[in-house]
Amino acid sequence: MTDRVYPSSKPTSAGAAPGGATAPAAAAPPAKSHLYNPTRPAYRPQSRRRGPRRSCRSVFCCCFFWFLIVLLLLILLAATAGAALWVFYRPHSPTFSVSTFKTTKFNLSASSADATSSGHLSAAFNVTVATRNPNKKITIFYDPFTVSVSSNDVILANGSYPAFASSPKDFTALKPTISGQSRDLDADSVTSLRSDLKKKSGLPLEFRMDTKVKIKMGGFKSSKVGIRVTCNGIQAGLPKGKSPTVASTSNSKCEVDLRIKIWKWTF
C-alpha cells in the first residue's frame, strides 16, 4: 500500500528558503549622522555668573545707620562742649526787680453817661527797674526793650528803653519812658478798670519788658535769644492832681522767661 504524504499545516515563513533552510536576517538601516553623532559632546547649559549686587533696601539701611552714628557723635560732642562751658563759666540768668513805680497820669472817661458804654484811657508811669548780672565771667548784651503796663490784660501804656551791655557782676538801674496816648477801650475793659479802682488795695498792674540778648564768654559769642521780663504784684492808685501816686511794690516779683520763635509760633 502506497503511503500518502500530506503537506504540513504550518505555513512556511516568508524568510525560510525552500527545502527547509533558514534565510539570513535583514540588515538594520544605517544610522543617520545628522540625528546622532557619537563624537559630539553632550549639550550642557551654562549658568550665568552674576557679581555681588546689593538691593536698594540694604543700601538705604546702611546709609541710615551711618547717619545715626554721625548724628549721635555730633550730639555727644555738643553735650560735652556744653558741659565744659557750664563747669568753667557757671552761667546764671540775670535778675530784675521793681525799685519804684509811680502813676503820673490816669484819665479814664466814658463815651456816654451809660456805665456800660465804651471809653477812652490816657495813662503814664515812671518806673525804675534794677537788673543785676550775677555771672563772674559772662557779659550780657541787651537789644532795645519794648515795655508795657497792663491791668487784667488791658494795655494801659507802652514804652521803650535803649540797648545796653551788662558787665560781669554789674548792677544797672533802668528807667524806661512809659506813656500812653488816648486809646479806645471796649465796655468790658472800662467796667473792669472802674471796678478795680474802687478797691482799697488799688489797681493791680503787670509790668512787662521784651527784648533779645546774647552773651559773651571769653572769645565766644552766642546768637541772640528772646527773653521776657514779667513783674506782677504791683498795686497802684490814682494820682491826686499833678502829684504822682507811688504804687506798692513790696509784693512785686519779676520772672525772666526765654522766648523761642519757630517760624510763626513763639514759645
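A: In this predicted model, a patch of positive charge on the surface is formed by R132, K136, K137 and K169. Within this group, K136 sits in the loop that joins β2 (119-132) to β3 (138-142). K136 has a relative accessible area of 67% and is therefore classed as exposed.

The pairing of opposite charges is the second part of the picture. Side chains of opposite charge can pair when their charged atoms come close. With a cut-off of 4 Å between nitrogen and oxygen, the model contains four salt bridges.

One of them joins D143 to K224, with 3.2 Å between the closest N and O atoms. D143 belongs to the loop between β3 and β4 (145-151), and K224 to the loop between β11 (220-221) and β12 (225-236); the pair therefore ties together parts 81 residues apart in sequence.

Another salt bridge links the side chains of D196 and K199, at 3.3 Å from N to O. Here D196 is buried, at 5% relative accessible area, whereas K199 is partly exposed, at 45%.

D210 and R228 also form a salt bridge, their closest N and O atoms being 2.6 Å apart. Because D210 lies in strand β10 (residues 203-217) and R228 in strand β12, this contact ties together parts that are 18 residues apart in sequence. D210 itself is partly exposed, with a relative accessible area of 21%.

Note on methods: Residues numbered from 1 in each chain as written. Predicted model: local features only at pLDDT ≥ 70, side-chain atom pairs only at ≥ 80, totals over all residues. Heavy atoms only, no water. Patch = residues over 30% accessible without salt bridge, like charges linked within 9 Å, V, L, I, M, F, W, Y side chains within 5 Å. Areas by Shrake-Rupley, 256 points an atom, 1.4 Å probe, with all protein chains shown as cover. Lys, Arg positive; Asp, Glu negative; His and termini not counted. Charge placed at Lys NZ, Arg CZ, Asp CG, Glu CD. Helix = DSSP H or I, 4+ residues; strand = E, 2+ residues; numbered from the N terminus. Buried < 20%, exposed > 50% of the residue type's maximum accessible area, 1.4 Å probe, protein only.
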